[in-house]
Amino acid sequence: YICLFFIIPYFYLFAPTARRSANEYWAIRRPEAGFFVRQGLILRQLFRFGQLWLDRIYQGTQTTPQFITNPPGMSHITQARKQGHGVLLVGAHVGGWDLATSLLPVDGFEGRLHVLRYEAEGLTLSKLAGEQGLTHVKTIASERGESLILEIRALLASGEAVALMGDRPMGTHVELIPFLGKLTPIDCTAYRIAAACGAPVIFTAGFKSTGRGYDFYASEPLFCGVGPG
């Protein structure tokens, strides 16, 4: 992480768009903070972002898990799967969700976790790190549309766990939800699929804590329009 003390100030100075966005964020989150206090918060935020990227790169070069996870709420996922339900895990582009998720098998998660990523190259199946049984990642081309939804439905019907980002719309069905003083589009696709399949939705988040530690949070299951039976 020592190299970040040289990289982050450079990024702060020569990335005005990122700096402007971060200033807007902290002005909303900490309205009492003055300009110079906000700049300190931005530098700390950028430093943590750099740590996350270095952790991902380092884990990608290793064949065994190099980080420790604290999984509050993991029982919500395991119990839902023991009951024979496919599980839809909904996260967002915040924190270190991907790295925390990749370590779930170490914390008692059994089976495969299909993580949907949207890239133009097409559909591939890989792992986040090595061949040690970490999370399987299914990369989905963003233009696949209905075939993507049908594939997710098939996975849930077979009792699999599928993870996707709730803040990355898969279609045109969105709801504008108040967030940090403004409206943000939240995709409805996950909830429509969950209601059609009778699968629970579990909200998840992952954050870097201290040192090599990551916290992975999971909420209680939410059934959209149908009961757990």
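The crossing of H2 and H3 is right-handed, by which I mean that the near helix is turned clockwise from the far one by less than a right angle, anticlockwise being left-handed. This is a predicted model, in which local features need pLDDT of at least 70 and side-chain atom pairs count only at pLDDT 80 or more, while totals for chains, interfaces and linings use all residues. Residues are numbered from 1 along each chain as its sequence is written, and side-chain values use heavy atoms, with hydrogens and water left out.

Let me stay with that pair of helices. H2 and H3 pack at an angle of about 115 degrees with their axes 10 Å apart; the axes are lines fitted to C-alpha atoms, for helices over the stretch in contact, and angles run from 0 to 180 degrees between N-to-C directions. On the H2 side, Arg-19, Ala-22, Asn-23, Tyr-25, Trp-26 and Ala-27 meet a set of H3 residues that includes Arg-38, Leu-41 and Gln-45, contact here meaning heavy atoms within 4.5 Å.

Which residues of H2 are buried? They are Ala-22, Asn-23 and Trp-26, where buried means under 20% relative accessible area, exposed over 50% and partly exposed in between, with a 1.4 Å probe and protein chains only. Seen down the axis of H2, these buried residues fall within an arc of 105 degrees, so they line one face of the helix; the arc is that of the directions from the helix axis to the C-beta atoms. An α-helix has 3.6 residues a turn, so residues three or four places apart point the same way. The buried residues of H2 pack against H3, residues 35–60, whereas the face turned away from the buried side carries the exposed Thr-17 and Arg-20.

Turning to H1, residues 4–14, its axis and that of H3 come within 10 Å and cross at roughly 125 degrees. That makes H1 oblique to H3, given that angles under 35 degrees count as roughly parallel, over 145 as roughly antiparallel, 65 to 115 as roughly perpendicular and the rest as oblique. H1 also passes H3 in a right-handed crossing, and the H1 residues meeting H3 include Phe-5, Ile-8 and Phe-11.

For the chain as a whole, there are seven helices and 10 strands, taken as DSSP runs numbered from the N terminus, helices being H or I of at least four residues and strands E of at least two. Of its 229 residues, 39% count as buried.
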